[in-house]
Amino acid sequence: GLEGLVRAAGNDLGKMAGELEKLSLYEDGPGVVTSEEIKEIIGVGRRGTVFDLTGLIVSGRSDEALILLNHLLDQGEAPLKILSLMVGSYRKLWLGIEAWAGTEDSRSVCEAAGVRFYQSDFLRQVKKMKPTAIPYIYRRLVEADDALKGGEKSSRLALERLIVDLA
């Protein structure tokens, strides 16, 4: 339940406070709220996040990644914010790949990358990515950044191209 709440709110403390308020009103005082109730109340699992987007890309599921991207954009997510969060996700994956090559210890890998939640998903992605792909990924991320900041008239198209290339 806590992981779902954190995923729904992200780094937005105001949103976190709002979601906690919803949960406290639902329970009407002290009590236990199940993870299923959290999903129902705050909508966890009904929509994907940018973190899900990176997972779909790493898994090679470009069709699903494009659908999620368009959903995020339609919901008002800023294209540069999506790209920025993708860059952060890939940076963590890079750190994880380097740690895995050195230790092959799951705990050390998650600590090195600063991953506290959804560690099994993260480790699956680390093991799936090839270290030789990192330079290409970062080059494409920089190109997408340039496109979003003026080189491309359609930010949606620039992000779609990025996803297709990376997936």
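The following legends describe close-up views of a predicted model.

In this predicted model, local features need pLDDT of at least 70 and side-chain atom pairs count only at pLDDT 80 or more, whereas totals for chains, interfaces and linings use all residues. Residues are numbered from 1 along each chain as its sequence is written, and side-chain values use heavy atoms, with hydrogens and water left out.

**Figure 1. Overview of the protein chain.** The secondary structure comprises ten helices and zero strands; helices (H or I, at least four residues) and strands (E, at least two) are DSSP runs, numbered from the N terminus. Of the 167 residues in the protein chain, 34% are buried. Buried means under 20% relative accessible area, exposed means over 50%, and partly exposed lies in between (1.4 Å probe, protein chains only).

**Figure 2. The crossing of helices α7 and α8.** The axes of α7 (residues 106-113) and α8 (residues 119-128) come within 11 Å and cross at roughly 95°. Axes are lines fitted to C-alpha atoms, for helices over the stretch in contact, and angles run from 0 to 180 degrees between N-to-C directions. Helix α7 is therefore roughly perpendicular to α8 (angles under 35 degrees count as roughly parallel, over 145 as roughly antiparallel, 65 to 115 as roughly perpendicular and the rest as oblique). S106, V109, C110 and A113 of α7 make the contact with Q119, F122, L123 and V126 of α8, where contact means heavy atoms within 4.5 Å.

**Figure 3. The aromatic pair of W94 and Y138.** One aromatic pair is found in a search of the whole structure. Rings of Phe, Tyr and Trp (its six-membered ring) pair if their centres lie within 6.5 Å; planes under 30 degrees apart count as stacked, over 60 as edge-to-face and the rest as tilted. The ring centres of W94 and Y138 are 5.3 Å apart and the planes stand at 55°, so the pair is tilted. W94 belongs to helix α6 (residues 79-103) and Y138 to helix α9 (residues 134-151), 44 residues apart. W94 is partly exposed at 36% relative accessibility, and Y138 is partly exposed with a relative accessible area of 21%.

Figure 4. Not counting residues up to four places away in sequence, N70 touches R156 and E160.

**Figure 5. G60 and A167.** G60 lies in the loop between α4 (50-58) and α5.
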